[in-house]
Amino acid sequence: MISPSHLGPRSPARSRGGASAEHTLAERIHEDPAVLGLGDLDLKRASWRSRQISLLLASPAESVLFVVELQLGPTDDRHVIRVVERWLNERKRQRMNRCSAVLVAEEIAPRYVNILELISRGVPLLALEMEPSEGTKGTPLRFRPVGLR
């Protein structure tokens, strides 16, 4: 499991005495959305609650919108449904031609990879596993793509 110490050298969790790892991670991504490995993106909206972070990222150069659902810990059924549901709602609301769903978790079990492969036939979907990456200056987190066919 990723601890707040992996989320950056100036962890707000320490300074405020109890801020959640979700809040710390959301701040880290807000500082540098490129840490996700999706390119040069602008953060349009972010919210978090109970081990879940919802992000809306845009690539102004390519007119692409990324609907990101990030969950600390392993993915579960609700996480999969939530990312598809948010993708559908944002796609309708933003009326952009290119809109992708991004599911991020610390662990994506093979069972969910199979389900995500099936969903990705109709929904542009990326799956990323979050892992600590010590020793990489300026990027204490790595997001590794999970192979969807």
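The structure holds ten salt bridges, a salt bridge being a side-chain nitrogen of Lys or Arg within 4 Å of a carboxyl oxygen of Asp or Glu. This is a predicted model, in which local features need pLDDT of at least 70 and side-chain atom pairs count only at pLDDT 80 or more, while totals for chains, interfaces and linings use all residues. Residues are numbered from 1 along each chain as its sequence is written, and side-chain values use heavy atoms, with hydrogens and water left out.

**Salt bridges**

Side chains of opposite charge can pair when their charged atoms come close.

| Salt bridge | Closest N to O distance |
|---|---|
| Glu69 and Arg82 | 2.9 Å |
| Glu90 and Arg93 | 3.7 Å |

Helices (H or I, at least four residues) and strands (E, at least two) are DSSP runs, numbered from the N terminus. Arg144 is partly exposed, with a relative accessible area of 37%; buried means under 20% relative accessible area, exposed over 50%, and partly exposed in between (1.4 Å probe, protein chains only).

Glu90 and Arg93 are three residues apart in helix H3 and are therefore separated by about one helical turn. Glu90 counts as buried because its relative accessibility is 6%, whereas Arg93, at 52%, counts as exposed. Both Glu69 and Arg82 are buried. Salt bridges that share partners join Arg45, Glu69, Arg82, Arg86, Glu90 and Arg93 into one network.

**Nonpolar core**

A nonpolar core is a set of buried Ala, Val, Leu, Ile, Met, Phe, Trp, Tyr and Cys residues joined through side-chain atoms within 4.5 Å. The largest one has 22 residues, and those with the most contacts inside it are Leu25, Phe66, Leu70, Val104, Met130 and Phe143. Strand S3 supplies the largest share of this core, five residues. Leu70 touches, among others, Leu25, Ile29, Val104, Met130 and Phe143, not counting residues up to four places away in sequence; contact means heavy atoms within 4.5 Å.

**Helix H4**

Within helix H4 (residues 110-119), the residues Tyr112, Val113, Leu116 and Glu117 are buried. Seen down the helix axis, these buried residues fall within an arc of 145 degrees, so they line one face of H4; the arc is that of the directions from the axis to the C-beta atoms. Arg111, Asn114 and Leu118, on the other side of H4, are exposed.
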